[in-house]
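Please consult the sequence and the structure while reading.

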Amino acid sequence: MDSGLAGLIAAETVLSHSDGAQGILWVRGHTLAELVADFGYEGAVALLWEGFAGDGLNRATIRAQLGAARVAAFAALGEWLDSVGSRSVVEGARLALAFLPDAAPPAAILATLPVAIGALLRRRQGAAPLPPDPSLTTAADLLRMVHGHPVDPAMAEALDTYWTALVDNGLNTSAFTARVIASSRASLASAALGAYCAFTGPLHGGAPGPTLDLLDEAEASGDVTLWAERKLAAGERLMGFGHRVFKGGDPRALILGDALRRLGARLGPAAGRLAFAAEVERAVAAAFSRLKPGRPPLQPNVEINAALLLDAVGLPRDAFMPVFAVARCAGWLAHALEQQKEGRLVRPSSSYIGPRPAAA
């Protein structure tokens, strides 16, 4: 038994495959590099949903579906936006999903998140939510709705690459949550909401924001090498390092690193943060090698480059998790649809270790 279910196969899937030892991740038979170059975010969504949410899906059809669904989601803002009050963007996006009807189709569920994020961030700035532009990609439209104007296409492309690389990753915690809920024949909207709730934790989708906090802490220390040694010696968790599956390196981190480099001069002040992050990675690697000789190296995961990219396109760190969820929601829905097709209730057993009745 493993209380974290490590190594347990709980589902057969055609959606994605990750191999931590080899550092690979496939989505329906395509490598991440192929996914980014040939599909993009809307194309990746079409790939995941093909045969589950319709047949003959492609980049163009999904882009049209999501564009129309964003317009409908914006029209429904009044149903929930005023109830958010002073709650965070994370909580506001959760409320937006909770207001969806059970009959909501996949595109309506997925489109709710970017519209909610844009509306919540604009309202926080004291500005009215900006209506979606259904002719744009989801990435370009989200950034436009957040910033109040069209953005540099390179910035939209970087966000699109981020979502494409992170659209699904095997039976991760939130995807498994979606499958468990869907196995009870609950609605897709319920499965997506439950998956989102699982995703909010700092050990899962909530990691990118705290990763920037960690970089800030390292920079404020004045001595990155000493800081890394103290953190590791104290046994503290280093956000942005290590992964449950990708022990030998995270392939998504390489994709996002390339995306950051393609931004080049557009990075502005973020270029210095990127260089400093590389310094932190080297310091952590060296400190880990000294303090834990013979152990496999502690590798950076996707979160450092993810946080740097989201920061570079002008998104506030407290919105990183919901923005990350825009990518993963496509995968959650695909897993829920696949589980519905399987038709079997997920019902594992537990091993009772509590006290026994006196008569037993």
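Arg 230 and Ala 233 are exposed on one side of helix α10. The model discussed here is a predicted one. On the other side of α10, the buried residues are Val 224, Trp 227, Ala 228, Lys 231 and Leu 232. These buried residues line one face of the helix, because they fall within an arc of 125° when seen down the axis of α10. Among the elements that cover the buried residues of α10 are α9 and α12.

Both ends of the helix also show local features. At the start of α10, a side-chain oxygen of Asp 223 comes to within 3.2 Å of the backbone nitrogen of Thr 225. Just after α10, Gly 235 adopts a positive phi of about 75°.

Which residues form salt bridges with Lys 231? One partner is Glu 217, with a separation of 3.1 Å from N to O. This pair links distant parts of the chain: Lys 231 belongs to helix α10 (residues 224–233) and Glu 217 to helix α9, 14 residues apart. Another partner is Glu 236, whose salt bridge with Lys 231 has its closest N and O atoms 2.7 Å apart.

Is Lys 231 buried or exposed? Lys 231 has a relative accessible area of 8%, and it therefore counts as buried, the cut-off being under 20%. Glu 217 is partly exposed at 35% relative accessibility, and Glu 236 is likewise partly exposed, at 40%.

A further salt bridge joins the side chains of Asp 216 and Arg 273, at 3.2 Å from N to O. Here too the pair links distant parts of the chain, since Asp 216 lies in helix α9 (residues 208–221) and Arg 273 in helix α12 (residues 270–291), 57 residues apart. Asp 216 is partly exposed, with a relative accessible area of 28%, and Arg 273 is partly exposed as well, at 21%.

| Salt bridge | N to O distance |
|---|---|
| Asp 216 and Arg 273 | 3.2 Å |
| Lys 231 and Glu 217 | 3.1 Å |
| Glu 236 and Lys 231 | 2.7 Å |

Asp 216 and Arg 273 also belong to a network of salt bridges that includes Asp 213, Asp 311 and Arg 317. In the whole structure, a search finds 14 salt bridges.

How values were computed. Residues numbered from 1 in each chain as written. Predicted model: local features only at pLDDT ≥ 70, side-chain atom pairs only at ≥ 80, totals over all residues. Heavy atoms only, no water. Salt bridge = Lys/Arg side-chain N within 4 Å of Asp/Glu carboxyl O. Helix = DSSP H or I, 4+ residues; strand = E, 2+ residues; numbered from the N terminus. Buried < 20%, exposed > 50% of the residue type's maximum accessible area, 1.4 Å probe, protein only. Arc of directions from axis to C-beta. Contact = heavy atoms within 4.5 Å. Polar contact = N/O pair within 3.5 Å; in protein donor to acceptor, adjacent residues only side chain to side chain.
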